[in-house]
Amino acid sequence: MSDSAPVKSPDTRPNRGFIGSLRRTRSLSTFIIAAILFVLFSVFSPGKYFATPDNLQIFLATEAEFGIIALAVGVLMIAGEFDLSVGSVLAFCSLTFVRLFSAGVNGVLALFITILVGAAVGLFHGIITVKAQIPSFITTLGGLMLWRGITLFWSGGQQQGLELENIPGLYAAIGGAKIGFVPIQFVWVVGITLLVVFFMSYHKLGNWVYVTGDNKLAARAMGINTDRIKIACFVLVGVAVGFVSVMQLFRASTFTARAGDGLELSAVAAAVVGGTALSGGIGSIAGVFWGAMVISLIENGLVLMRIPYWWTFTVFGLIIIFSVILSKIIEARRMSVG
Amino acid sequence: MKKRVLLITAVTLLILLLVPGGAFAQAKPGAGMYFRLVTHGANDPFWAVFQKGMMDAAAELGCRADIDLAGSDLALQSKRFQEAVAMRPDGISLVINDDKMWDKPVADAVAKGINVIGCNNDDTQGSAGNARLAYIGQNERRAGLMIGRAVFEAAKAKGWNLATMKVACAVEVAGANYGVVRSSGIMDAMAEYGIPGKPEIVDCTLEMTTAESRITSYVIAHPDLKCLFGLGGITTDRLTSGMKNAGKKPGDILGGGFDAAPGTLTGLETNYMVASIDQQQYLQGYMSVYVLYLMKKYGFAPQIDTGGFLITKANIDLIKKLSPLNIR
Amino acid sequence: MPAGFRLPEPSRFFIPHPEIEGSAVARQRLIVRLLAYKVSFTLLVFIALLVIFQVFTPNHTFFQRPNLFALARLAPDLGIVALGVGILMICGEFDLSIASTIPMSSFVFVKLLGTGVPLGLNLVVTLCVGVIMGLGNGLLVTRTRLPSFILTLGTMLFWKGLLYAASRMMPIGIRSWLPAGSWLENMFVGIIGGVFPIQAIWFVGFAVLLAVMLHFTKFGNWIFVTGDNETAARAMGINTNLVKIISYVGVGVLCAVVGMMQCLRIESFTANQGVGFELKAIASAVVGGTSLMGGMGSVLGIFLGTLTIQMIENGMILLGLPAFGIGAFIGAVVILFAVLNKYISRFSTR
Amino acid sequence: MADVRSVSTGKPDDGYLVRMVGIDKYFGRVCALKGVDFRVKFNEIVSLVGDNGAGKSTLIKILSGFYTADRGEIYFEGKKAHIGTPRDAKALGIETVYQEQALAPHVSIPRNVFMGREITKVLGIMDGRRMHAESMRTIERLGLQIKDTGAVVEALSGGQRQGVAIARVLYFKAKLVILDEPTIALSVKESQQVMAFMKQLRSEGISVVFITHNLFHAFQIAERFVVLARGELLADVDRKDSSVEHLSQLVISGHHEEK
């Protein structure tokens with residue numbers, strides 16, 4: 001991605017037109033991919049069941065769960081770090097909530113504690129990664145096994161139901177209500193996206209995250225505590241995972257120790273499809289939002305297209321390769337147009 | 001670059017076009033019908049056989065059927081069920097692996113006029129606990145009970161002291177539903193035979209070498225181990241090699257498990273294994289499609305117990321013949 | 001930032017300090033100098049683990065024959081692949097698609113057995129599967145210049161889908177076509193004198209071969225410089241794309257060998273062969289001191305790293321830790337190991 | 001050497017912007033700096049020269065707060081100063097422009113200029129419009145022309161990038177700017193541009209420390225030269241008392257030769 005080819009006086013040419021706007025808003029290309037997929041699935045799904053309220057509701061609700069985590073992972077990747085442990089931490093947080101709740105803890109308090117637990121896990125990963133200067137890839141690979149293991153050990157692998165009837169208010173706020181046609185989860189992800197976009201684009205902390213990922217030494221020379229920024233991003237991922245764990249728990253109403261399996265690579269894929277660089281410093285929150293949308297669309301669309309299970313892997317693989325190549329082409333065009 | 005993009009697009013489209021073809025043979029009784037089998041299963045041989053049954057039935061009836069696997073993630077399975085409902089198929093066969101979480105979704109789907117039946121696992125209260133219209137299969141817990149009985153009977157015959165016997169289970173996906181339920185069945189058998197305690201569960205992963213390595217280590221680490229179960233096809237397959245690696249002779253530890261993978265058959269022949277359960281999941285997949293078809297057409301709502309088949313050294317030849325056909 | 005906060009002095013960790021380097025090294029004691037090489041640290045931990053496991057396992061089962069036999073017979077599966085993946089990482093790239101290359105080659109091997117092709121030809125064709133899949137990855141990565149982590153994630157899923165579609169995830173036994181005791185079986189999974197598994201010899205053999213290649217040949221040097229500074233390497237006339245492609249092909253071939261080996265030992269193909277190896281292989285290489293950025297590492301390190309990772313799994317169970325959720329211990333150990341590794345090497349470069 | 005050392009006994013308020021006195025720095029047992037004195041007057045361009053390993057960068061890192069000296073004192077504007085962190089140095093008005101470490105390449109110019117010291121409204125929300133206006137104004141003040149002001153830094157030429165980094169210190173009203181090899185990877189034309197920036201800085205009343213290997217660049221612009229060798233101060237000469245040949249001989253030989 002870091003094409004170091006010298007750019008010939010890019011400042012002399014205006015930056016207008018369609019490609020220019022792609023360049024300005026990196027997220028647009030991902031949005032276009034998402035839109036194309038949406039149309040394709042709507043038109044070609046057998047019986048046109050894709051664009052029915054039934055399907056869109058479950059799609060939007062589950063997209064939200066995935067999207068919130070992908071956003072946090074995207075921010076972390078912009079800061080130059082990775083998190084492979086989100087799936088396991090999700091299961092761990094789910095279990096925390098279920099255990100607290102079934103022990104009679106107030107629902108809101110339990111939610112709060114669950115988010116705190118997620119944050120603590122993020123803090124743990126962050127401190128180890130930053131202070132010991134270990135690649136976050138390894139720290140969170142360890143976390144991937146560690147938290148799943150602890151979850152299994154603590155739960156004994158047993159699934160556990162949740163008496164959601166006792167907390168109608170909280171249930172509605174996080175997983176049950178619909179606003180018109182749109183499930184509440186999707187309202188959450190849109191709200192959170194706007195909040196994160198605001199922070200990353202208009203708040204100084206956002207700027208610090210970008211420069212930390214882009215050029216850590218420069219950021220440090222300018223007095224930015226890059227270690228703290230990175231740790232904060234890990235904590236952010238933990239908070240997001242903690243919140244989503246409860247959201248997912250409310251939708252499924254049952255805890256399983258295998259919750260979130262494989263989520264880590266999908267989240268990274270969503271961020272990359274949305275134009276986030278694996279090396280840090282590059283990426284936009286809107287891009288990650290649409291990247292998560294693309295991945296979720298494929299996930300849901302393939303089912304509705306009645307693609308047999310085994311082909312979904314192949315199509316997924318192709319789409320991942322295809323989207324990163326496409327964003328690279330747009331990138332190259334953007335460099336040449338300036 | 002452009003060429004490559006075109007190529008990739010072409011390949012994708014080709015796959016999309018080719019895949020749905022084939023099954024639409026006309027003039028068969030089920031032509032035009034579409035069924036969906038929503039399971040919590042994983043990419044393992046058990047569900048492959050289940051799926052084979054589904055595909056065979058669909059081919060015979062000329063209908064279409066697809067399977068959803070969810071890797072024991074119930075949140076995902078719940079999503080898959082909602083998606084299946086959104087597709088308004090002619091019927092859904094669902095693994096009802098929780099007494100509570102499926103109550104409302106199934107009732108809603110039935111209210112929408114979709115035939116939903118249970119397979120492989122049912123609500124513990126049967127039709128009283130869930131609005132599903134029919135049930136096909138054998139409870140995983142009963143399968144666990146069957147294999148437990150078989151192995152403990154052999155242990156009793158050897159004159160071992162059942163009150164102090166150590167039992168362990170190897171599982172591929174720790175925490176996955178099938179393992180939890182099957183080991184509960186084994187625990188029921190332990191209670192029947194007066195074996196105290198719980199079996200220890202060994203986390204083995206789906207990967208063969210890792211599984212074998214962990215089983216071996218576990219057997220070495222626990223010289224007092226007497227009965228070892230594989231809770232799935234892959235661990236059962238690796239039990240024999242694990243015991244051999246650990247220097248055990250046939251009969252030192254009694255093995256039992258599920259499915260008829262090649263390694264399992266070797267174990268039965270060489271007496272490392274006492275028995276293995278064929279849960280006849282082929283039937284569950286096959287009958288799901290047939291029942292959904294008949295239900296759609298004539299409104300039948302049967303309860304079918306597909307039973308379990310105990311594979312031992314005595315009947316191994318039959319299994320050996322059928323195993324390569326992916327039926328057992 | 002609190003007033004008392006002090007930034008670490010970057011040059012100690014990042015940049016070799018030109019002012020101090022020459023004289024400092026001369027004054028370092030031998031043991032410290034040895035420790036400065038990550039391999040010796042990996043070796044030290046390896047030996048320490050051996051001792052710990054032997055001393056603390058009940059009945060000292062670690063060094064008893066059954067356990068050593070199992071390790072020697074099973075460790076090479078991941079080990080051989082990890083060697084290739086580690087070298088690829090030194091070259092600056094990742095390969096997650098090994099989790100599909102292994103079962104794919106095994107599948108082709110079994111299918112060819114069914115057609116009655118001569119074993120020698122079968123062997124060659126199966127290796128070719130590895131070559132083709134490696135070549136595909138290599139071309140994709142070098143042509144697109146996109147992060148290999150994400151590209152090979154894509155190819156892994158791509159091949160996985162094809163494999164599942166072709167095999168329908170069913171295991172296929174080999175005994176209907178290949179009676180026990182064929183030369184291929186003896187060659188790959190035989191047990192010498194009934195005590196020593198031949199896989200271990202293959203593992204060591206590959207390690208020695210690759211070590212010579214990496215550390216003593218021109219091509220090995222090219223791998224290092226390609227991973228360290230690709231622009232510089234290209235400026236020196238090294239075809240870095242070719243180096244990377246060859247490294248990918250190497251990984252593919254090693255995967256094909258392992259796929260076949262595993263198939264012969266298990267006596268069947270299963271679609272889940274190699275699942276999880278992709279991350280474990282990377283972890284092995286990192287534990288062995290390979291840099292995730294490329295340009296740093298050694299075959300001995302990777303060799304010891306993969307043995308360490310597998311020994312930890314084995315040892316944890318032997319220690320009698322709860323085997324349900326054993327992953328937690330392994331995860332904790334990976335983190336602990338990485339931290340320890342970092343601090344020791346920091347101490348030794350002081 | 002003795003004549004140089006005598007300076008350190010001068011009174012605190014002696015007309016220097018910065019005085020570093022008797023600086024020692026050890027890395028482990030290795031001595032990187034030994035008794036080095038270094039002064040910068042108000043409104044002056046000083047060139048710090050020396051071969052690799054002479055201790056230039058260590059000295060500068062002490063001045064900019066990355067390292068602390070093991071011994072010695074720093075006076076800033078006549079007052080004794082404690083510089084423990086980069087932030088301390090910035091608070092005093094000492095800014096450092098590193099060649100590769102100055103900018104984040106994928107971030108826009110205003111965000112680079114204000115990195116770490118963003119202009120904020122309430123609750124840390126950035127005032128993007130003002131940041132943009134201020135940064136462009138400063139860049140123009142420096143005499144730099146950038147048309148696409150929304151461009152990321154990666155799209156700029158090497159000289160322009162240095163300009164952005166220097167604009168930053170100009171904006172924040174530094175009193176002393178340290179430029180670490182600012183011309184090293186630049187074309188002749190771009191190097192001239194960067195040196196023009198330095199002149200502009202001085203004309204705004206800012207002192208400049210210019211670290212370089214290129215003695216021709218140094219001689220073209222600096223009024224005074226400080227030569228280090230093997231961690232010790234070798235010479236401190238005004239331009240009028242020196243020549244490029246003299247300097248290069250000092251740097252190469254590493255010791256004084258009486259002319």
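Two residues are taken to be in contact if their C-beta atoms, placed from the backbone, lie within 7 Å. On this basis, in the predicted model, 79% of the contacts in chain A between residues at least 6 apart in sequence join residues at least 24 apart. The secondary structure of chain A consists of 14 helices and four strands. Of its 338 residues, 64% count as buried.

The interface between the two chains was examined next. Here, 37 residues of chain A are in contact with 36 residues of chain B. On the side of chain A that touches chain B, two or more residues each are given by α3 (53-78), α6 (136-155), α11 (226-252), α13 (285-304) and α14 (309-337) of chain A. Of these elements, α14(A) gives the most, with eight residues. By class, the residues on this side of chain A comprise 17 nonpolar, 15 polar and five charged.

The domain assignment divides chain B into domain 1, formed by 33-138 + 280-307, and domain 2, formed by 140-278. A distance of 29 Å separates the C-alpha centres of domain 1 of chain B and domain 2 of chain B. Between these domains, ten residues of domain 1 of chain B are in contact with 14 residues of domain 2 of chain B. The side of domain 1 of chain B that touches domain 2 of chain B is made up of six polar, three nonpolar and one charged residues.

Note on methods:
Residues are numbered from 1 along each chain as its sequence is written. Chains are lettered from A and ligands numbered from 1 in the order in which they are written. This is a predicted model: local features need pLDDT of at least 70, side-chain atom pairs count only at pLDDT 80 or more; totals for chains, interfaces and linings use all residues. Domain bounds come from an automatic or database domain assignment. Ala, Val, Leu, Ile, Met, Phe, Trp, Tyr, Cys and Pro count as nonpolar, Asp, Glu, Lys and Arg as charged, and the others, Gly among them, as polar. A residue is buried if 20 or more other C-beta atoms lie within 10 Å of its own, exposed if 12 or fewer, and partly exposed in between; C-beta atoms are placed from the backbone.
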